Amino acid sequence: MIRDLLHEIYSTLRQNKLRTALTGFAVSWGIFLLIALLGAGNGLMNSFSGNVGDFISQSVSVEGWRTSKPYNGYKEGRIIQLDQKDLDYTTGSEWQGVIENVTTTTSSTSATLVVGGKTVGGWFTGAMPEHQAQFKIKMAAGRFLNQDDLRLRRKVMVISGSQAKELAGGDDIEKMIGQWISAGTIAYKVVGIYHTDESDFRRSCYIPYTTYKGIYDNSDKLESITFSLNGPVTLEDHKAFEEEYSAAIKRIHDIAPDDRRGIWIMNGYTDNLEMAKASNILDIALWILGLLTLISGIVGVSNIMLITVKERTHEFGIRKAIGAKPGNILTLIISESVTITAIFGYAGMLLGMIACQVMDKTIGQDYVDIGFTQIRMLVNPSVGLDVALEATLLLIVAGTIAGIIPAWKAARVKPIEALRAE
Amino acid sequence: MALIELKDVNKTYQGAQPLHVLKGINLNIEKGEFVSIMGASGSGKSTLLNILGILDNYDTGTYYLDGTLIKDLSEKQAAAYRNQMIGFIFQSFNLIGFKTAVENVELPLYYQGVSRHKRRELAMEYLDKMGLTDWAGHFPNEMSGGQKQRVAIARALITSPRIILADEPTGALDSKTSVEVMNLLSKLNREDGMTIIVVTHESGVANQANRIIHIKDGIIGKIEENDKHDAWGAELIK
């Protein structure tokens, strides 16, 4: 029966090629704009999260900060240094199951790296293997620190791409892997080089936490505590967690409970949530714009269908006389409407996706200077399968809506009146 | 029971000036009859035909078609009865212009949900009976009036209806083609036993029927038995 219906629709649409084409264009245009807008929006968000996302980690970092209020006999302006007590609290039973993968870094020590007559400055930081994942450190060559490095207190290090370039005297940074670099009186073997952009001049060199503690700092002082969270979901959850956690740390260090400084919590989760929220708002705004455009297309289809129905009244009279039920007529008109909308809508969707590709190849390749680094305007401006499916569903719904009123009119007309119509 | 039984059927068109078009019609038509209904325009003959064809409702009285009471039907029910029991032939053919002859003939079966293949087979069979096999793929505007009316007859016959209702079937045809079409209808009546009701104001056409019902001012006047086909005006068609 579907095939028959399609044949019916085809033979009527064939009758009015120009009209069908004009109507279809309105729908194509609507969907085209919707897809192109969403694609550009996605490109913008991808660019944003791609660039900013490099620095946002799925983790919480806690560091000491200068206090801003006097408390308990201490003057304001005291520098807080995290230590083993904070680490014990963080890993303690209070947060069991919520705080996971706790790592720490040591404070940093400046050093001069020397190899083969070339020198470059750097900051040594003692780190743990998990540091890589928590701070999204991308490796350009070699590996990051591992557990054996820590256990055996190996004298190995991971240097930055820019340092490697300077030491290698060119782009062939691979050859630095395995080289021994002297820093002061101690030589370290390079096991890895982390990726840095053209504009990124980070100078941190990571050595095993235990190695650092043994050589540069045998106190229990910590530079930072980093951990992942398994519990808070919403922004409010995270706020509550931060309040409770910082209150405890403030107690440990005699910081005024209402001091907004003293300790600094960088919560990558909330940053991600904020960004997702921004992305959502942009998405909704673009959908609304696209839908408004599509509405004009739907009104167009509805309008044309109304005229068509009026012109075809006599034909419907014939159909009814020979046995077409009102439901048959209703189905016919709505399917015609859905067919026009779907076919032209799909064409528009395809063109929209092509437009996204064109955007990718043109303005997508442009870089914009945002001060500390350069970012690409659009990264991979495209819509996903989900949007394509949503748009398909939307087209079917739109076609039905456009067809309902004309179809209702056509189905309701009495056969004798319809037969009289010319 | 007769195939068609009308008892005291009344119909008034409501409006600023209500118009009482049918004023108590009593009529029985047996299976296998060839009846013509004659009357001047405004006599109510078209309204009667519309009621017989379940295209219109009536106000009071009863109408039994093959034992089924046809009264206050829903649009859906009416459509189903029209589809199964009645074959229409119209003055202006009423073929669908963008469908070929065979597609037009198939259409009533489409609404019965008959499969595509079966439909095509039956439609070709009926077109063949009408001598239009070669014209199956043509559109109505490529055919002559006589051919179009024969396509319409094939369409009316394809569902094997109880009655054929023809509303001025020769009104748009020249005299020679008129004779051909009327002969075709007589032949259907004689050989296949098809019950046929023709509404016309041409006495020559009416004369083909076995019974001529004259309707005037909404009531049935004279009913002529016409087995010999010698009613007045018969010479007009000869």
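A residue counts as buried if 20 or more other C-beta atoms lie within 10 Å of its own. In this predicted model, B:Val105 has 30 other C-beta atoms within 10 Å and is therefore buried. B:Val105 sits in helix α3 of chain B, which spans residues 101–110. Leaving aside residues up to four places away in sequence, B:Val105 touches B:Ala123, B:Tyr126, B:Leu127, B:Val151, B:Ala154, B:Arg155 and B:Ile158. B:Leu157 lies 52 residues from B:Val105 in sequence. In space, the C-alpha atoms of B:Val105 and B:Leu157 are 8.9 Å apart.

B:Gly87 belongs to strand β6 of chain B, residues 86–89. B:Gly87 has 27 C-beta neighbours inside 10 Å, so B:Gly87 is also buried. Its contacts, again without residues up to four places away in sequence, are B:Ala156, B:Leu157, B:Thr159, B:Pro161 and B:Ile164. The C-alpha atoms of B:Gly87 and B:Ile196 are separated by 9.3 Å. Along the chain, B:Gly87 and B:Ile196 are 109 residues apart.

Chain A was described at the level of the whole chain. Chain A holds 13 helices and 15 strands. Of its 422 residues, 38% are buried. Contacts in chain A between residues at least 6 apart in sequence were also classed by separation. Among these, 79% join residues at least 24 apart.

The two chains meet through 19 residues of chain A and 21 residues of chain B. On the side of chain A that touches chain B, four helices each supply at least two residues: α1 (2–15), α10 (313–321), α11 (326–361) and α13 (415–420). α1(A) gives the most, with five residues. By class, this side of chain A has eight nonpolar, six polar and five charged residues.

Two of these helices, α1(A) and α11(A), also pack against each other. Their axes are 10 Å apart and the packing angle is about 70°. Angles of 65 to 115 degrees count as roughly perpendicular, so α1(A) is roughly perpendicular to α11(A). From α1(A), the contact is made by A:Leu5, A:Glu8, A:Ile9, A:Thr12 and A:Leu13. From α11(A), A:Leu332, A:Ser335, A:Glu336 and A:Thr339 take part. The contact of α1(A) with α11(A) has four nonpolar, three polar and two charged residues.

Conventions
Residues numbered from 1 in each chain as written. Chains lettered and ligands numbered in written order. Predicted model: local features only at pLDDT ≥ 70, side-chain atom pairs only at ≥ 80, totals over all residues. Contact = placed C-beta atoms within 7 Å. Nonpolar A, V, L, I, M, F, W, Y, C, P; charged D, E, K, R; others polar. Axes fitted to C-alpha atoms, helices over the stretch in contact; angles between N-to-C directions. Parallel < 35°, antiparallel > 145°, perpendicular 65-115°, else oblique. Buried ≥ 20, exposed ≤ 12 C-beta atoms within 10 Å, placed from the backbone.
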